[in-house]
Amino acid sequence: MADVVSIELLLDPATEERVRDDWRCLADAGLSSLAAHTSPSNRPHVTLLVRAALPPVDFAAAVRMLPVSIELAEPVVFAHGDRGVLAWRVAVTDAVTALHEAVHSAVPTGADVDAPHTKPGEWTPHVTLARRLRLDRLDEARSLLGPPLAGAGVALRRWDAAEKRVTDIGGAAG
């Protein structure tokens, strides 16, 4: 699923800046980091839904749920071979789960076309810090991160990878 459409939850300014600080610390240590991706569309976020295609959808019910409290609970790794994705795990709360369900309820049926990591029941909410991090440097990377943090998800956006276009859906500017 390279050319995908995703629905993403953006973070409040203080939480976004904290994640960007983590990105910078990793990059300054010579580690993999999303700081290396300098496109203006690259923002810390929680991915709620990913599909190969998605028609225009009314997400008003989900937007009305914002802001939603989130907690960057602890670093997690999604390993593959000798590398992995390093991320902050977002604590699963009733509010976070309800927002995820509202986004999925708004889209046409077709959970079979959702990316597995965003399907209800399979979703692990997280904020990515690094991709392709060498696992032999994982302890070093974890030691550079700030402590867990409480914040908020404040806005939704749509990312269309094929068109390289971001569309604001609603919520605070973030």
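## Helix α1

In helix α1, the buried residues are Thr-15, Glu-16, Arg-18, Val-19, Asp-22, Trp-23 and Leu-26. These residues lie on the same side of α1, because the arc that they cover around the axis is only 160°. An α-helix has 3.6 residues a turn, so residues three or four places apart point the same way. The model described here is a predicted one.

The buried residues of α1 are covered by elements that include the strands β1, β3, β4 (83-90), β5 and β6, together with helix α4 (138-144). On the face of α1 turned away from the buried side are the exposed residues Pro-13, Ala-14 and Asp-28.

## Strand β3: Glu-71 and Ala-73

Strand β3 covers residues 68-80 and contains Glu-71. Ala-73 also has its place in strand β3. The relative accessible area of Glu-71 is 37%, so this residue is classed as partly exposed. For Ala-73 the relative accessible area is 12%; this value is under the 20% cut-off, and Ala-73 is therefore buried.

Apart from neighbours within four places in sequence, Glu-71 makes contact with Arg-89, Val-90, Ala-91, Leu-149 and Ala-150. With residues up to four places away in sequence likewise not counted, Ala-73 touches Trp-88, Arg-89, Ala-91 and Pro-148.

Two C-alpha separations place these residues relative to other parts of the chain. Glu-71 and Asp-94 are 23 residues apart along the chain, and their C-alpha atoms are separated by 12 Å. Between Ala-73 and Ala-27, which are 46 residues apart in sequence, the C-alpha to C-alpha distance is 22 Å.

## The largest pocket

The volume of the largest pocket is about 810 Å³. Its lining consists of 30 residues, of which Glu-8, His-45, Thr-47, Thr-128 and Arg-131 are the closest to the centre of the pocket. Two or more lining residues come from each of the strands β1 (5-11), β2 (45-51), β5 (126-134) and β6 (149-160).

In terms of residue class, 13 nonpolar residues line the largest pocket, along with eleven polar and six charged residues. Among the elements that give two or more residues to this lining, β1, β5 and β6 are also included in what covers the buried residues of α1.

Technical notes
Residues numbered from 1 in each chain as written. Predicted model: local features only at pLDDT ≥ 70, side-chain atom pairs only at ≥ 80, totals over all residues. Heavy atoms only, no water. 1 Å grid on protein atoms, 1.4 Å probe; cavity = no way out; pocket = protein on both sides within 12 Å on 5 of 7 lines; lining within 4 Å. Points joined across faces, edges and corners; volume = space filled by probe spheres on them. Helix = DSSP H or I, 4+ residues; strand = E, 2+ residues; numbered from the N terminus. Nonpolar A, V, L, I, M, F, W, Y, C, P; charged D, E, K, R; others polar. Buried < 20%, exposed > 50% of the residue type's maximum accessible area, 1.4 Å probe, protein only. Contact = heavy atoms within 4.5 Å. Arc of directions from axis to C-beta.
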